[in-house]
Amino acid sequence: MKTTGAIDTAKRQLVYEVISGGTGLILALFMWGHMMFVGSILIGTFGFDWLALQLEIYFIAQPTVVVIFSLFLVHAALAARKIPAQLEERRKMIRLGRDLKSQAHEESLLWIWQVRTGMIVLVLGSFHLVLLGIDVLTPLFGERVGIESVTSLARVQAGLWLPYAVLLICVEFHASIGLYRLAVKWGVFSSLGRKTLRRIESFILWLFLGLGAVILLVLAGVIPPPLAFLATGGAA
Ligand code: HEM
């Protein structure tokens, strides 16, 4: 029957929506944890190597790379399914806004930039995850199997700072707008209103962008680790 088919399609779409939203939420929360992990370089190479070793000894880093990479690909595949249909719709909204000489439809502009940044994150993030997979699973880079500051610093300073800077900007924009859209879509914190949600989103964006930029400058050797005085046992 036609109605049963329509209900099945609607159910399937809902399941896809829940999975793409759920994987997006997990990845955004992971990126906050990732900032803390890579941020250990702010204490110096001692802090970075100590934390990396703990995550490897307790077998946390290895499965995390595999799980995050899998979630990353599932999220991209499910989120991409809506792009062709929605793109035309959103462009129409933006044109309409301009024709009426009012502001361009902001939510549609945000959506288009989320698609653009998502594509860049997919390419650069995949490259980064493959690199880290090689680090934690093989002895190919560095002196042993695992993440080492000597390898991370050397490759960022050799030129990886540039793709990492682009990845940082795109991932922070994509994640903060994604969290805002999830909150609006599922009605979480709806009592706060869209304006306040946008302010919270902007605060999260600039906080993590600023923190990520300082971390990248330390990895690139442009500035010394600002929290080196906290390391009592080792060289900064
Ligand atoms: C389990 C998975 C991951 C691990 C173990 C990991 C680990 C690391 C490490 C060790 C660095 C230092 C530079 C290097 O060694 O190349 C780094 C930097 C970076 N990572 Fe990841 N990463 C993971 C996932 C991701 C994902 C999914 C993204 C975004 C799509 C990402 C974005 C970045 C960025 C932008 C930097 C530059 C430093 C900054 O300013 O934050 N990472 N990561």
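The expected span is 1.5 Å times one less than the number of residues, and helices are DSSP runs (H or I, at least four residues) numbered from the N terminus. This is a predicted model, in which local features need pLDDT of at least 70, side-chain atom pairs count only at pLDDT 80 or more, and totals for chains, interfaces and linings use all residues. Residues are numbered from 1 along each chain as its sequence is written.

**Around α2**
- Thr45, Phe46, Gly47, Phe48 and Ala52 of α2 are buried (20 or more other C-beta atoms within 10 Å of the residue's own, with C-beta atoms placed from the backbone).
- The cover over these buried residues includes α6 (149–186).
- Phe59, which follows α2, has a positive phi, near 55 degrees.

**Around the ligand**
- α6 also gives the largest share of the ligand shell, 7 residues.
- At least two shell residues each come from α1 (2–38), α3 (61–80), α5 (106–137), α6 and α7 (193–219).

**α6 against α7**
- These two helices, α6 and α7, pack at an angle of about 170 degrees, with their axes 9 Å apart (axes are lines fitted to C-alpha atoms over the stretch in contact, and angles run from 0 to 180 degrees between N-to-C directions).
- That angle makes α6 roughly antiparallel to α7 (angles over 145 degrees count as such).

Conventions:
A residue is buried if 20 or more other C-beta atoms lie within 10 Å of its own, exposed if 12 or fewer, and partly exposed in between; C-beta atoms are placed from the backbone. Two residues are in contact if their C-beta atoms, placed from the backbone, lie within 7 Å. Angles under 35 degrees count as roughly parallel, over 145 as roughly antiparallel, 65 to 115 as roughly perpendicular and the rest as oblique.
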